[in-house]
Structures are given as structure tokens and as C-alpha cells.
Amino acid sequence: MAAPTGWLPESVLQLAYLGAATLFVLGLRGMTHPRTAARGNLLSAAGMVLAVGATVLRFEVLSPLVLLAALLVGVAVGAWLAVTVETTQLPQLVGLFNGFGGGASALVAGAELVDRFGAAGAASVLPYDVTGAAALAGIVGAVTFWGSLVAAGRLHGVLGDPVRYAGEQAVKLAVLLVAVLAGLALVVRPGALGAALPVDWAPTYWVLVVAASVLGVLFVAPIGGADMPVVIALLNACSGLAAATTGFVLDNSVLVIAGTLVGASGLILTRIMCRSMNRSLANVVFGRFGDSTPGAGDRAAALYEGNVMSTSPEEVEILLDAARRVVIVPGYGMAVGQAQHAVAELAERLEASGVEVEFGIHPVAGRMPGHMNVLLAEANVPYEKMRELSEINPTFPQTDVVIVTGANDVVNPAALTDESSPIAGMPVLHVWEAGTVVVNKRSLSPGYAGIPNPLFTRDNTYMLFGDAKESMQAVLDEYDRTH
Amino acid sequence: MTFVENLTLFVLAGFVGYEVITKVPANLHTPLIAGANAISGITLIGSVLVAGAGASTLATLLGFLAVVMATANVVGGYLVSHLMLRNFGRRRGD
């Protein structure tokens with residue numbers, strides 16, 4: 001770590017850190033309401049400028065050109081990615097940024113060890129808390145970095161299907177063991193255990209980082225796309241905890257506070273996502289969810305045979321014409337098809353004709369927490385119209401028409417009725433309680449859970465087969481033509 | 001500061017985070033992740049310190065990489081969160 005050589009006194013630095021931490025908390029509190037959220041985000045950014053600025057002044061580290069160059073490169077990369085991103089690519093970008101934070105933390109802990117080790121000499125002893133925190137930062141940071149890269153790659157479609165193999169858990173456990181042993185070696189020190197362990201600090205740390213990197217890849221590789229909301233939230237928590245542990249290494253208060261806030265945020269979101277699927281975190285991470293059970297295809301065919309009614313945009317328009325209350329339930333299919341603008345326009349037209357329209361959004365719809373809400377907000381849907389599961393479910397009996405577009409498992413009644421179903425107990429949207437349900441889907445193929453959906457065979461359900469954007473646009477055109 | 005003092009901050013910040021974040025509505029979960037993510041870029045402070053120390057070439061190189069990644073994380077995270085939140089604040093017809 002750099003020596004404090006700047007003109008800024010230590011007390012002022014600590015006060016600046018206090019100010020920054022306060023701004024982070026106020027910023028996060030702003031996120032509790034859509035109206036104050038943008039201001040909260042700016043407050044938080046101001047806190048970051050304050051903390052970094054005070055650090056630079058205190059330690060006079062801005063002089064080396066390398067540092068300035070690094071800052072400029074970082075600003076350019078971050079701004080370019082943020083400005084050029086398409087809304088459909090948001091989940092992978094958020095994942096990628098998570099990874100950057102974790103990676104930086106692992107590198108900082110490593111550099112600090114190299115530094116201290118170099119200064120203190122080979123025979124010297126570093127305090128337990130420093131080496132222990134560095135080991136933790138290295139493991140969490142490296143897992144976050146590589147896990148995020150794999151998650152972003154999967155979301156971006158550059159990586160194929162989830163990778164599964166025999167002895168998966170044993171391999172992961174072995175790699176974790178290597179990382180933990182390297183960490184222990186770092187903490188316990190060679191002297192205590194004789195010459196059997198690597199003598200130098202630094203190489204041990206890099207063994208740990210390599211093992212944790214492999215673990216990060218193995219950890220996310222078997223997890224499928226629809227579980228990504230959990231993975232993104234969990235990696236978010238990890239990037240925060242990595243920063244917090246780095247704070248322990250550097251003995252830096254604002255790193256500890258800010259990192260912990262992020263860790264809490266990520267863990268809360270992880271828990272919400274898991275509960276919304278009625279699955280434990282262990283089941284998401286280690287489970288083999290959605291593996292098609294033998295005979296599933298046959299059972300689906302038997303269930304759907306002669307029981308599914310399909311419809312056309314013209315008929316949907318007639319249904320909407322008679323409706324007084326309409327609920328739209330979007331899913332990942334809407335994001336893939338970029339149908340949010342057509343959906344939002346349809347909602348706007350209906351409202352102009354005096355129809356009450358709301359959106360029912362399942363917490364795990366899409367590929368990251370709140371994915372649907374961001375897409376709809378981009379298409380100018382007011383946030384008051386977006387309802388959470390617990391708010392929208394009691395309203396279905398009073399709803400005339402529900403339009404489900406690009407969603408499947410989150411509207412599957414089997415979650416309530418079939419104890420043996422993989423999604424048994426998962427909170428779902430009770431769309432079937434509405435007068436009529438229109439399900440817009442490409443085909444009858446199963447969703448992520450790999451199970452048939454009895455909703456499609458109900459007497460009040462009509463299937464509108466086709467791509468989300470084309471179908472919604474067709475309904476919109478039909479509505480415009482007749483009004 | 002001692003380890004225990006840092007631990008105190010860790011525990012208290014955990015409680016504050018829990019209280020504040022549980023009140024964030026599902027609507028804002030994506031901007032929350034992006035914004036929180038930017039905060040985790042606070043590790044930039046650590047990067048700046050180790051990169052600026054210049055004790056050894058290796059430490060400087062690691063610090064350089066860390067500064068690039070952390071800065072991208074901070075700037076990109078806040079920016080992408082801001083771009084999303086702009087959509088939430090406005091009313092139809094704005």
C-alpha cells in the first residue's frame with residue numbers, strides 16, 4: 001500500500017470515508033421508490049467520487065502516469081459498455097460488471113501481499129488477519145470474476161448449453177479443497193507446519209487464485225439460463241463481499257462498509273429469487289433442475305392431444321373489445337422477441353378505450369431480478385401499472401382477459417395441484433381464475449422446468465401461437481383497425 | 001484500526017444494508033443490482049493504493065489491471081443504472 005504522503009490529513013480522509021459511506025446508504029435508500037431512485041443513484045456516485053478523490057489526495061498516488069492511464073482506460077471501457085448496451089443485453093452486462101469488481105478485489109489482495117512480502121523479507125511473518133482476509137478476498141474475488149464471465153457468456157449466447165458430467169460435485173469439492181488448503185497455508189505459515197508447505201507467500205496466493213478461478217467456471221457452467229436471476233444476484237453479493245474482505249486486508253473502513261452493503265443487497269435478492277421458485281440455493285447451484293424426465297414428451301402429448309384451442313389476432317381483438325379489465329403477464333419470451341414496445345402500445349390503446357390494464361410480473365420472469373420491469377419501463381409503461389405477484393393474484397377473478405406472452409412455468413397451475421411436480425409449491429400467477437386467458441407462445445414446447453402446462457388445456461385458455469413481437473403487433477394492428 | 005473494529009463495521013453495515021434493501025420494490029431490482037454493483041467497485045480505492053505504491057513491478061502491474069477493472073465497474077455500473085432509472089422516473093407522454 002502507498003504511504004500517506006499527501007497534504008490531506010488522516011482525519012479528513014476518515015471524515016471523507018464517513019461521508020462516502022453515508023452517501024452510499026442514502027443512495028440505496030433512494031432505491032426504495034421509483035421517484036427517488038435516480039437521485040439515489042447520483043448520491044451514491046457522489047460518495048464514490050468523494051472516497052476515491054480523498055484517497056488520491058491523501059496518498060498522492062495520482063502522480064504515476066500508469067495510474068492515470070489505468071483510470072482513463074477504465075472510464076472508457078465502462079462508459080462505452082454502458083452506453084452502447086441494448087436492453088436485451090442488460091443481464092450479461094450487469095453480470096460482466098459484477099465480475100470486474102470481484103476480479104479487481106482479488107488482484108488488490110494479491111498485490112498487497114506481494115508488496116508487504118517484498119518489504120518485510122522472506123523470513124518475515126504477516127499478521128493472521130491480513131493473510132486470512134487476503135485468502136478470502138482471493139477466493140471470493142476469483143470465483144466472482146470467472147463465474148460472472150461464464151454467466152455473461154451463457155446469457156450472451158456465446159456459450160452453449162449447461163455442462164453436466166459425472167462426478168460434478170466431487171470435482172468441484174476437490175477444487176474448493178485446493179483453494180482452501182492454499183488459503184490455510186497462507187495463514188498458518190510455513191514455519192508452523194514445517195517445510196512441507198510452499199515457503200513463499202505470493203506463489204501460494206496464486207495457487208489459491210487459480211484454483212478459485214477453476215471453481216468459478218465449474219460453479220456456473222452447469223446452471224441453466226432460467227436460473228440466471230439467482231446466479232446474477234449471488235455473484236452480486238460475492239463482488240460486495242470480496243470488496244469487504246479486501247477492506248480487511250488494507251484496513252480500510254469505507255471498503256468494509258460499502259462492500260458489506262452490496263453483499264447484503266445481493267444476498268437479499270438471492271433469497272427473494274430462491275423463494276420465488278420454492279427452491280433452496282443449494283438446489284439451484286447443485287441441483288439438476290429441468291433435466292427432462294423420461295416419458296415427459298409422451299405425457300405432454302397425451303395431455304395436449306385434442307384439448308388445446310388455438311386462436312387468432314382477430315379473435316383476441318374481439319375478446320379485448322368486450323373486456324373491462326386486462327392483465328398482461330410477460331416472460332422471457334417477450335425479452336427475446338423484443339416485444340415490449342408492441343405490448344406497451346397495446347396497453348396504451350386499451351386504456352385509451354377505457355379498459356383497465358395492469359401487468360402481472362413474476363419475480364423470476366426473465367434472466368435477472370426485475371428484468372421485465374426494466375424492459376417495460378423502457379417502453380414507457382408507468383411503474384404503477386407493474387404489479388408484483390402478491391398484488392396481482394387476488395385481482396384475477398375480477399379480470400376479463402389475461403394475455404400471457406412469452407411466459408410458461410410461472411403460470412403453471414401444476415405448481416399448486418401436483419405434489420410430484422418439479423415446481424410444486426412455487427408461487428405462480430393464478431391467471432386461470434380470470435375470465436379468459438390468451439397464451440402467446442411459439443409452440444407447446446415445455447418451459448425451463450421441462451414439464452407440460454395444464455393451463456393450456458383449460459376451457460378458458462386460448463393459444464395464440466407465434467413470435468411474441470409479431471403476435472402482439474398483429475393484435476395491436478387489429479385493435480387499431482377496428483377502433 | 002484493528003481487525004475487531006473492522007468486524008464491527010462489517011456487522012453493523014450488514015444490518016443497515018438488510019433494513020434498507022428489503023424495502024426496495026421488485027420494480028427496481030435491476031437498477032439496484034447495477035447500482036450496488038457500482039458500489040462494490042469501491043475496491044477501486046484499494047487498487048489505486050496498490051498501483052500507486054509502486055513497490056515492485058509486479059504489484060504495479062496487478063494494481064494497474066485492478067484499477068482498469070474497478071473503474072470500468074464503477075463508471076459502467078452507475079451509468080447503466082442511471083440510464084435505466086431515467087425510464088422509471090418519467091410519466092407517459094414525457
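Colleague: Which residues does A:Ile423 touch, leaving aside those up to four places away in sequence?

Modeller: In this predicted model, A:Ile423 touches A:Asp409, A:Asn412, A:Ala414, A:Ala415, A:Ala449 and A:Ile451. The residue itself is found in a loop of chain A, the one between α18 (414-417) and β5.

Colleague: What makes A:Ile423 count as buried?

Modeller: A residue is buried if 20 or more other C-beta atoms lie within 10 Å of its own. A:Ile423 has 24 C-beta neighbours inside 10 Å, and therefore it counts as buried.

Colleague: How far apart are A:Ile423 and A:Arg39, in sequence and in space?

Modeller: The two are 384 residues apart in sequence, and 39 Å lie between them in space, C-alpha to C-alpha. As for the chain that holds them, it is divided into domain 1 (1-84), domain 2 (89-286) and domain 3 (296-482), and the centres of domain 1 and domain 3 of chain A, taken over C-alpha atoms, are separated by 43 Å.

Colleague: What spans does the C-alpha trace of chain A have along its principal axes, and which elements does the chain contain?

Modeller: Along those axes the trace of chain A spans about 80 × 50 × 35 Å, and the chain has 19 helices and six strands. Buried residues make up 54% of its 483 residues, and among contacts between residues at least 6 apart in sequence, 80% join residues at least 24 apart.

Colleague: Why are α1 and α10 of chain A called roughly parallel?

Modeller: Helix α1 (residues 10-30) of chain A packs against helix α10 (residues 253-275) of chain A at an angle of about 10°, and their axes are 9 Å apart. Angles under 35 degrees count as roughly parallel, so α1(A) is described as roughly parallel to α10(A). On the side of α1(A) the contact is made by A:Tyr17, A:Ala20, A:Ala21, A:Phe24, A:Val25 and A:Leu28, while α10(A) brings A:Ser253, A:Val254, A:Ile257, A:Ala258 and A:Leu261. Sorted by class, this contact has ten nonpolar residues, one polar residue and no charged residues.

Colleague: How do you know that the buried residues of α13(A) line one face of the helix?

Modeller: The buried residues of helix α13 (residues 313-322) of chain A are A:Pro313, A:Val316 and A:Leu320. Seen down the axis of α13(A), they fall within an arc of 55°, which means that they line one face of the helix. An α-helix has 3.6 residues a turn, so residues three or four places apart point the same way. On the other side of α13(A), A:Glu314 and A:Ala322 are exposed. The cover over the buried residues of α13(A) includes, among other things, β1 (325-330), α15 (340-352) and α19 (468-482) of chain A.

Colleague: Why are A:Asp251 and A:Asn380 called partly exposed?

Modeller: A residue with 20 or more other C-beta atoms within 10 Å is buried, one with 12 or fewer is exposed, and what lies in between is partly exposed. A:Asp251 has 17 such atoms and A:Asn380 has 18, so each falls in the partly exposed range.

Colleague: Which elements make up chain B, and which of them gives the most to the side that touches chain A?

Modeller: Chain B has four helices and zero strands, and from the N terminus on its elements run α-α-α-α. Of its 94 residues, 65% are buried. As for the partner, 78 residues of chain B are in contact with 100 residues of chain A. The elements that give two or more residues to this side of chain B are α1 (3-21), α2 (29-40), α3 (43-53) and α4 (57-89), and α4(B) gives the most, with 31 residues. By class, the side of chain B that touches chain A has 47 nonpolar, 27 polar and four charged residues.

How values were computed: Residues are numbered from 1 along each chain as its sequence is written. Chains are lettered from A and ligands numbered from 1 in the order in which they are written. This is a predicted model: local features need pLDDT of at least 70, side-chain atom pairs count only at pLDDT 80 or more; totals for chains, interfaces and linings use all residues. Axes are lines fitted to C-alpha atoms, for helices over the stretch in contact, and angles run from 0 to 180 degrees between N-to-C directions. Angles under 35 degrees count as roughly parallel, over 145 as roughly antiparallel, 65 to 115 as roughly perpendicular and the rest as oblique. Two residues are in contact if their C-beta atoms, placed from the backbone, lie within 7 Å. Ala, Val, Leu, Ile, Met, Phe, Trp, Tyr, Cys and Pro count as nonpolar, Asp, Glu, Lys and Arg as charged, and the others, Gly among them, as polar. Domain bounds come from an automatic or database domain assignment. The arc is that of the directions from the helix axis to the C-beta atoms.
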